[in-house]
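These are my notebook entries on one protein model. I set out to look up a few residues and helices and to record what surrounds them.

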Amino acid sequence: MTRWIHDWHPDDPAFWARTGRKTARRNLVFSIFAEHLGFTVWTLWSVVAAKLGRLDLSTDELFWLVALPNLIGSALRLPYTFGPARFGGRTFTVVSALLLLIPAVALGFAVSDPATPFWVLLVIAALAGLGGGNFASSMANITYFYPQSKQGSALGLNAAGGNIGVSSVQLVVPLVIGSLGLAAAGWFWVPFIVVSAVCAWLFMDNLATAKADPREQLAVAGSAQTWVMSFLYIGTFGSFIGYATAFPLLAKSLYPQAPWAAVAFAGPLAGSLIRPVGGWLADRLGGARVTVWTFAAMGAGVLLTWAAASGGGFWAFFAAFQLLFLTAGVGNGSTYRMIPAIFLAKALAERGADAMEYGRRQASAAIGIISAVGAFGGFLINRGFGMSFASTGSPAAAFAAFAAFYLACGALTWWCYLRTAGVASLAHARV
């Protein structure tokens, strides 16, 4: 059975009210389901590494197990971006969901034997990166379904539903491990993965209007805007996924007797739920304005967390960390709202008023590159903590580097999108 839609005009109000809204909402719901499971598999090792209990592994080696899925997942986001345009969103969602069975099953086998070599654990952790690619294909696909005026909210909801997968892992997996053992951390997700693939096959659609020449899509790599937004997305999403995956092991290393496993889910959940708020604010106030204030708040948050880790107890540290999750979540939504606005403005300037579909394809391609580079921040944050512990025995050096980076991100946002000269080149976009 094939489900291809050939007539799709979401920016036409009459079409949207008649059939567009209902179809887009249905695809969004099942896209969220599949993407949610992608995030769960991608971040499984954030809990498994903290629960591994192997005395022969150093803190730095454990952070490698947490960091490697972020590295592989970020690399896979680029090819995954082109999947919906090449094969159809429905088709690619089914395939990418089924691929999640590989890392889930492999994890179950790997941790069943305490003598499994470290290099094998690294390979299995790398396979979890398959879940990281799902975000790019899902976001690129949903971009085509919604009109320009609603993309901030739609992309925010789609991303939030996926991001909550991190919270699901950190809430559910400790309970599963406590009841069924460490291997169940992988096996538990297998039936859910199968159900998500079946639902995508039955209820999602392929859009013929999303078809694009990969060479045309890759042309966005030559745009300075792509790389500016990639840098900013390292600061927002890279921070979210980095802190979400690092928190359990970081908290265990600093406060081994604290109940970190019972509350680790709270930060990723809050950051995920507030992401649509970032998109909503950006729709109304402008993405750049929201983003620059977000980076200021993230800088303050990292300094508070650093202070708490240096001299406070676990609950002060936990509370400060929540500010990092909340601000990163808002920034995720606002930066993603900026992308379609920027590339639509560029398309209109280059091709005139008939450039809507071209701009949408360019934005979809840019999302893949930006999300790939941005996800790399999750690897950098975990390696930052690992190297900081290896060299100084504390996370202080890593926190100092993160604070400096957020200062640079805020300055870049202002320079490119808020000062008069920067905004002039994108005058028709509410960036």
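I count two residues as in contact when heavy atoms lie within 4.5 Å. The model I consulted is predicted.

**Entry 1: Thr 81**

With that definition I looked up Thr 81. Leaving aside its neighbours within four places in sequence, I found Thr 81 in contact with Ala 136, Ala 140, Ser 364, Ala 365, Gly 368 and Ile 369. I located Thr 81 in helix 3, which covers residues 59–81. Is Thr 81 buried or exposed? Its relative accessible area is 1%, so I noted Thr 81 as buried, the cut-off for buried being under 20%. I also noted that the side chain of Thr 81 reaches the backbone oxygen of Arg 77 at 2.7 Å.

**Entry 2: Thr 23**

I next turned to Thr 23, which is found in helix 1. Thr 23 has 12% relative accessibility and therefore counts as buried. Which residues does Thr 23 contact, leaving aside its neighbours within four places in sequence? I listed Ile 5, Trp 8, Phe 145 and Asp 205. The side chain of Thr 23 reaches the backbone oxygen of Thr 19 at 3.2 Å. I then looked up Tyr 146, which is 123 residues from Thr 23 along the chain, and found their C-alpha atoms separated by 9.9 Å.

**Entry 3: helix 6 and helix 11**

I looked up helix 6, residues 101–110, and recorded Pro 103, Ala 104, Ala 106, Leu 107, Gly 108 and Ala 110 as buried. Among the elements covering these buried residues I noted helix 1 (13–42), helix 7 (118–127) and helix 11 (190–203).

Helix 11 has 14 residues and spans 20 Å from its first C-alpha to its last, close to the expected 20 Å. Its buried residues are Val 190, Ile 193, Ser 196, Ala 197, Cys 199 and Ala 200. What covers them includes helix 1, helix 5 (89–98), helix 6 and helix 10.

**Entry 4: the cysteines**

How many disulfides does the structure hold? I recorded zero. Cys 199, listed above among the buried residues of helix 11, has 16% relative accessibility and so counts as buried. Cys 409 counts as buried because its relative accessibility is 0%. The cut-off I applied for a disulfide is a pair of cysteine sulfur atoms within 2.5 Å.

Notes: Residues numbered from 1 in each chain as written. Predicted model: local features only at pLDDT ≥ 70, side-chain atom pairs only at ≥ 80, totals over all residues. Heavy atoms only, no water. Buried < 20%, exposed > 50% of the residue type's maximum accessible area, 1.4 Å probe, protein only. Helix = DSSP H or I, 4+ residues; strand = E, 2+ residues; numbered from the N terminus. Polar contact = N/O pair within 3.5 Å; in protein donor to acceptor, adjacent residues only side chain to side chain. Expected span 1.5 Å × (residues − 1).
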